[in-house]
Amino acid sequence: GDFHQQKARAHWLSKGCIALRFDWYMHWYQQKPMHFWRRSEDSQFQFFLHASDGAELQDCGSDGVQGGQCWKLTPQQRLAAEDLTNSNVPFLAGCLRLMVPEEVDPREACKQKLAVSIRDTNG
């Protein structure tokens, strides 16, 4: 099941892109969305994709998700409705766009247990 019953918040859109619904996270941090995805080196948030064949992923609280493989995701601007024209996921407009490293094969990764984690670098 999902960690802490959060349900699906990340959606794989293409080989190199994951959409992240972050409204719940922003409410928790009570910050403006633009601060959440800013691409500067001193960004407060880092994003990671975790995959595990044996379902050994564990939510370790402030230490993040442990177990399996881990890749850093690169945040970009939010998805606009125009980005999703001719798709079957128009409800993802406004989601954060996370770029997946080229070495990740989504066909193989999707056969595993997956999690996207967010780390606040300010604690």
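The points below go from the overall layout to strand pairing, and then to individual side chains.

1. **What kind of model this is, and its layout.** Please keep in mind throughout that this is a predicted model. The protein chain has three helices and eight strands. Reading from the N terminus, the order of these elements is β-β-α-α-β-β-β-β-β-α-β.

2. **Burial and contacts across the chain.** Of the 123 residues in the protein chain, 33% are buried. If you take the contacts between residues at least 6 apart in sequence, 62% of them join residues at least 24 apart.

3. **Strand S7 and its partners.**

4. **Methionine 99 in S7.** Which residue of S7 is the bridge partner of cysteine 17? It is methionine 99. Threonine 74 likewise has methionine 99 as its bridge partner in S7. **The link between arginine 97 and aspartate 83.** The structure holds three salt bridges. In one of them, the side chains of arginine 97 and aspartate 83 meet at 2.8 Å, N to O. This pair links distant parts of the chain, with arginine 97 in strand S7 and aspartate 83 in the loop between S6 and S7, 14 residues apart. Arginine 97 counts as buried because its relative accessibility is 14%. Aspartate 83, with a relative accessible area of 41%, is partly exposed.

5. **Aspartate 105 and arginine 107.** These two residues also form a salt bridge, and their closest N and O atoms are 3.3 Å apart. Is arginine 107 buried or exposed? Its relative accessibility is 62%, so arginine 107 counts as exposed. Aspartate 105 has 27% and therefore counts as partly exposed.

6. **Glutamate 108 and lysine 111.** Here the side chains meet in a salt bridge at 3.2 Å, N to O. Lysine 111 is classed as exposed because its relative accessibility is 62%, while glutamate 108, at 41%, counts as partly exposed.

7. **The surroundings of serine 117.** Serine 117 belongs to strand S8, residues 113–120. With 8% relative accessibility, serine 117 counts as buried. What does its side chain meet in a polar contact? The partner is the side chain of histidine 50, at 2.7 Å. Leaving aside residues up to four places away in sequence, serine 117 touches Gln46, Phe47, Phe48, His50 and Val65.

8. **Aromatic rings.** How many aromatic pairs does a search of the whole structure find? The count is zero. There is still a ring to look at: arginine 119 lies over the face of phenylalanine 48, at 4.1 Å from the ring centre.

Definitions and conventions:
Residues numbered from 1 in each chain as written. Predicted model: local features only at pLDDT ≥ 70, side-chain atom pairs only at ≥ 80, totals over all residues. Heavy atoms only, no water. Pairing = 2+ DSSP bridges. Helix = DSSP H or I, 4+ residues; strand = E, 2+ residues; numbered from the N terminus. Phe/Tyr/Trp six-rings, centres within 6.5 Å; stacked < 30°, edge-to-face > 60°. Lys NZ or Arg CZ within 6 Å of the ring centre and 35° of its normal. Buried < 20%, exposed > 50% of the residue type's maximum accessible area, 1.4 Å probe, protein only. Polar contact = N/O pair within 3.5 Å; in protein donor to acceptor, adjacent residues only side chain to side chain. Contact = heavy atoms within 4.5 Å. Salt bridge = Lys/Arg side-chain N within 4 Å of Asp/Glu carboxyl O.
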